[in-house]
Amino acid sequence: AQGGQGMSSDPGDYIAAFFDKKVNEDSARGNLPVDGWRWQRRFFIFSDSQRALYYFKSPDDVPKPNGLRGQVFLGDCVVEDLDERGEPRRAVGSAAVEMQRGDRASLLLRLRSRDPRRPCVKDHTSVVLRAENVALKYEWIARLAAAAAGASLGAGGGAAAGQQQQQ
């Protein structure tokens, strides 16, 4: 899909938000602690029906033919909840679980290729994202993990239904 072309017209199929995307760097900089990582702010759109995550520099770039910066097909990926050190947690949790365990809240998540020889996005085997808040992180982890597992939490399903009941 070029720009936002080819995406479903059903608004319930999508969630969209800004995330910081870790800049993939070669050399020793890639082994720095999280505090030394460099980030780029990007606008992300996730489509349940396509099980795909698209990202752009800004919402204004979505309709532009060359606006798409990258896309990830979730069927080829593993979704990981990362702790504040950038290490995978044993199990995907929630903000409440983190606080009960006394963990520092982490805003990090990673999409990693199931096959380490195949790229997840562009020529990289993984992409690390930093959410603006913990609630956003876990909402997106739930949707992305369901897509990676072959399920859908879109309109009428799990996460969306839960949000409708709370309103």
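These legends walk through close-up views of one predicted model, region by region.

The model is predicted, so local features need pLDDT of at least 70 and side-chain atom pairs count only at pLDDT 80 or more, while totals for chains, interfaces and linings use all residues. Residues are numbered from 1 along each chain as its sequence is written, and side-chain values use heavy atoms, with hydrogens and water left out.

**View 1. The whole chain at a glance.**
The chain holds three helices and seven strands, and reading along the sequence gives β-β-β-β-β-α-β-β-α-α. Helices (H or I, at least four residues) and strands (E, at least two) are DSSP runs, numbered from the N terminus. Of the 167 residues, 42% count as buried; buried is under 20% relative accessible area, exposed is over 50%, and partly exposed is in between (1.4 Å probe, protein chains only). Contacts here are heavy atoms within 4.5 Å. Take those with a separation of 6 or more, and 58% of them come from residues 24 or more positions apart.

**View 2. The seven-stranded sheet.**
What order do the strands of the open sheet take? It goes β4-β3-β2-β1-β7-β6-β5, with antiparallel pairing. Two strands pair if DSSP finds at least two bridges between them. At the edges sit β4 (68-73) and β5 (77-81), each pairing on one side only. From one strand to the next the twist averages 35°. As background, strands of a sheet pair through backbone hydrogen bonds, either parallel or antiparallel.

**View 3. Strand β1 and its two neighbours.**
β1 (residues 14-22) and β2 (residues 39-47) pair in the antiparallel sense over nine bridges. Two spots to look for: Ile15 has Phe46 of β2 as its bridge partner, and Ala17 stands opposite Phe44 in β2. β1 and β7 also pair in the antiparallel sense, over two bridges, and there Asp20 stands opposite Arg130 in β7. Seven of the nine residues of β1 are buried, so the strand is largely enclosed by the rest of the structure.

**View 4. Helix α2 across the sheet.**
Helix α2 (residues 134-149) lies across β1, β2, β3 (52-56), β5 and β6 (108-113). The helix runs at about 105° to β1; axes are lines fitted to C-alpha atoms, for helices over the stretch in contact, and angles run from 0 to 180 degrees between N-to-C directions.

**View 5. The largest nonpolar core.**
A nonpolar core is a set of buried Ala, Val, Leu, Ile, Met, Phe, Trp, Tyr and Cys residues joined through side-chain atoms within 4.5 Å. The largest one has 26 residues, and Phe19, Phe46, Leu53, Leu74, Leu111, Trp140 and Leu144 touch the most other members. β1, β2, β3, β5, β6, β7 (126-130) and α2 each supply at least two residues of this core, with α2 giving the most, eight residues. Apart from this core lies another, of seven residues, among them Tyr14, Ile45, Phe56 and Val62. In soluble globular proteins, nonpolar side chains tend to be buried together.

**View 6. Around Phe19.**
Leaving out residues up to four places away in sequence, Phe19 touches Gln40, Arg41, Arg42, Phe44, Leu109, Leu129, Arg130, Ala131, Leu136 and Trp140.

Is Asp48 buried or exposed? Asp48 counts as buried because its relative accessibility is 4%. Its side chain makes a polar contact with the side chain of Arg143 (2.6 Å). Such a contact is a pair of N or O atoms within 3.5 Å; within protein, one must be able to donate a hydrogen and the other to accept it, and residues adjacent in sequence count only if both atoms are side-chain atoms. Arg51, at 23% relative accessibility, counts as partly exposed. Phi of Arg51 is near 50°, a positive value in a residue other than glycine.

A disulfide is a pair of cysteine sulfur atoms within 2.5 Å, and the structure holds zero of them. Cys77 is buried, with a relative accessible area of 0%, and Cys120 counts as buried at 9%.

**View 7. Lys122 in the loop between β6 and β7.**
Lys122 sits in this loop and is exposed, with a relative accessible area of 52%. Phi of Lys122 is near 50°, a positive value in a residue other than glycine.
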